Amino acid sequence: MENKKDTTIFNDVAIALLMALLYNLSGMINTTFLSSTDVVIVSAFIPEGIALAGALIYGYKVLPGIFIGQLLLAQFAWSNALAATAVASVNTLEAYIAYKLFYKLKLSRELNHIKDLIGLVLIITLVLQPFSAILGNHILAWTHIICEDKIWHDTLLWWTGNVMGQILITPMLLLIYANKDKLKLHYIILSVLAPLAYNYLIQTYMDITNVSLLLLMTLPISMFIAIKNITYGVIVSVSLAIGYTYLTHLDIGTFAQDQSPIDNIINLNYFILSHILLTLLIGILFRDKERAIHELKSMAHFDYLTGLPNRHLLREKIQHAVIMASDYHQKSAICYIDLDGFKKINDLYGHNVGDETLKTVVKRIKLHMKPQDTLLRIGGDEFLLIISEIRDDELDGTLNELLISARKPMHIDNKDIQISFSIGVSICPKHGTTVKDLMSKADDAMYKAKEEGKNQIHYA
C-alpha cells in the first residue's frame with residue numbers, strides 16, 4: 001500500500017515537472033522566433049495551449065508545473081520577481097478555472113461533438129483570456145513593466161496571442177491523448193514533415209500575397225485528411241501554422257509583405273485561426289456522421305423497445321448454436337415463445353400498457369437465463385430463447401419455471417395484467433443442424449402448443 005502511494009506521488013511530481021519543462025521551453029522558443037512587443041506575444045503563444053491541454057487531461061496535478069514554468073519564463077523576460085510571481089499565479093489560476101468550468105459544462109476532452117469544440121473556444125475567448133489578459137497587464141502596469149497608457153493596447157495583444165495559442169495547440173493535444181493507442185508514429189511524422197515541405201516550396205517558389213488564395217492551396221489538404229482521421233488532419237494544420245509563423249520570422253512568404261509587422265501578424269493569425277477551426281469543424285462533423293451511421297446500423301439489429309437482438313441477428317445466433325454442437329458436442333434448445341392473449345391487452349388497455357407488459361416479460365425471462373443464453377425479440381409478441389449447453393434433465397425444469405413466472409400477475413398503470421406462454425422447442429443437433437430446420441420445427445411446435453390449449457411446452 002505504501003509503495004503504491006509513493007508511486008502515485010512520484011507520478012504526480014513527474015507530471016508537474018514535465019509541464020514546467022514544456023511550458024518554459026516552448027515559451028523560450030516562442031519569444032525567440034515569434035513576433036512580440038517588449039512583453040507580449042502577438043502571435044500564437046504555445047505554452048498557453050500546452051498548459052490548458054495539461055489541465056484538462058491531468059487536472060490539479062499540472063498546476064504546480066504551470067506556475068513554475070511561467071515563473072521562470074517571466075523572471076527571464078522581466079527580471080522582476082514580484083511581477084513574475086503574480087503573473088505566474090494568474091496563469092495557474094486560469095488553468096484551474098478552465099478545468100473546473102470545462103467539466104462543469106459537461107464537455108468532453110475527446111472533442112466528440114461540435115458542442116465540445118464550441119464550448120472550448122468560448123471558454124478560451126470569453127473567460128480565460130479576458131481574465132488572464134486584463135489581470136496580467138494590470139499587474140505589469142502596477143509593477144512598472146509597462147506604462148499605464150499601454151494597458152489596454154497590450155491587453156488586446158495578450159488576449160490575441162493566448163487565444164491563438166490555446167485554439168491552435170489545445171485541441172491537437174487533446175485529440176492525440178484521446179487517440180494515442182490508435183495513432184501510428186510514422187503517420188504522425190508524415191503529418192508534420194509533409195506540410196512543412198509543401199509549405200516551404202509554395203512560399204519559396206510562388207509569390208503568393210493573397211491570404212485567401214493561400215487558404216485555398218492548403219486548407220483542402222488538412223480538411224481531406226481530417227475527414228479520414230481528425231487527429232492527423234489537425235496535426236497537419238498545426239504544422240502548417242508553425243511553418244508559416246517561422247517563415248514570417250525569417251521575413252519570407254505571404255506574411256512578410258511591405259506593411260507593418262503587426263498587420264502581417266494579424267493576417268497570419270487570421271490564416272491560422274481559419275485553418276485550424278475549419279479543419280476541426282469538418283473533422284468532428286464527419287466523425288459524428290460516421291458514428292451516427294454506425295449507431296443506426298447497430299440499432300437496426302436491436303429491438304428499440306426491449307433492447308434485445310431482433311430478427312436481423314436470428315441467423316447469426318442460431319448458427320452459433322449449430323457450430324457449438326458440431327465442434328464441441330454441446331446441445332442447445334431453440335425455444336419459440338409466444339405470449340398468449342397479448343393482442344387482447346393492447347386492445348383493452350392501449351399500446352403503452354402493452355409495451356410495459358413486454359418489458360416486464362423480458363425481465364422475467366432473463367431471471368431464468370444463464371450468461372451464455374440468448375434472448376431475441378422476433379415479432380410483436382414473439383421471442384426466441386436459445387438455451388446453450390443444455391442437459392435433458394434441466395431443460396424441462398427451466399421451461400416450466402418460465403411458464404410459472406409468466407403467469408404471475410403484473411400490476412401496470414393501475415391495471416392487473418396476466419398472460420401465459422406457449423413454447424415450442426427444437427433441440428440442436430437432435431432436430432436439425434441448419435437454421436431453417438431448427439426454426440421451422442420450433443415454430444411448428446409452438447403452434448401445436450397453442451392448439452393444445454396454450455400455457456404449455458411442446459417439443460418438436
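Analyst: **A salt bridge and its surroundings**

The side chains of K450 and D340 form a salt bridge, with 2.8 Å from N to O; the term stands for a side-chain nitrogen of Lys or Arg within 4 Å of a carboxyl oxygen of Asp or Glu. This is a predicted model, in which local features need pLDDT of at least 70 and side-chain atom pairs count only at pLDDT 80 or more, while totals for chains, interfaces and linings use all residues. Residues are numbered from 1 along each chain as its sequence is written, and side-chain values use heavy atoms, with hydrogens and water left out.

The K450 and D340 pair links distant parts of the chain: K450 belongs to helix α15 and D340 to strand β1, 110 residues apart. Helices (H or I, at least four residues) and strands (E, at least two) are DSSP runs, numbered from the N terminus. D340 is buried, at 6% relative accessibility; buried means under 20% relative accessible area, exposed over 50%, and partly exposed in between, with a 1.4 Å probe and protein chains only. Through salt bridges that share partners, D338, D340 and K450 are joined into one network. Side chains of opposite charge can pair when their charged atoms come close.

Next comes the strand that holds D340. β1 is mostly covered, as 9 of its 9 residues are buried. S332, I334, Y336, D338 and D340 point one way from β1, and A333, C335, I337 and L339 point the other way. In a regular strand the side chains alternate between the two faces of the sheet.

β1 (residues 332-340) pairs with β6 (residues 420-428) in the antiparallel sense over 9 bridges, and I334 stands opposite S426 in β6. The pairing of β1 with β3 is also antiparallel, over 6 bridges, and here Y336 stands opposite L384 in β3.

For comparison, here are other salt bridges. The structure holds 11 salt bridges. One of them joins K61 to D12, the closest N and O atoms being 3.6 Å apart. That pair also links distant parts of the chain, with K61 in the loop between α2 (46-58) and α3 (63-78), and D12 in helix α1 (residues 2-33), 49 residues apart. K61 is partly exposed, with a relative accessible area of 39%, and D12 is partly exposed as well, at 26%. Another salt bridge joins the side chains of R109 and E110, at 3.9 Å from N to O. R109 counts as partly exposed at 24% relative accessibility, and E110 at 31%.

Last come the open spaces. On a 1 Å grid over the protein atoms alone, a cavity is a set of points where a 1.4 Å probe fits but cannot get out, a pocket is an open set with protein on both sides within 12 Å along at least five of seven lines, and lining residues have an atom within 4 Å of a point. Grid points are joined across faces, edges and corners, and a volume is the space filled by probe spheres set on the points. The largest pocket has a volume of about 990 Å³. It is lined by 39 residues, of which I46, I50, I169, M172 and L173 are the closest to its centre. α9 gives the most to this lining, with 9 residues. A search of the whole structure finds 1 cavity of 30 Å³ or more, and the largest cavity holds about 40 Å³ of space. Its lining includes E48, A51 and L52.

How values were computed. Pairing = 2+ DSSP bridges.
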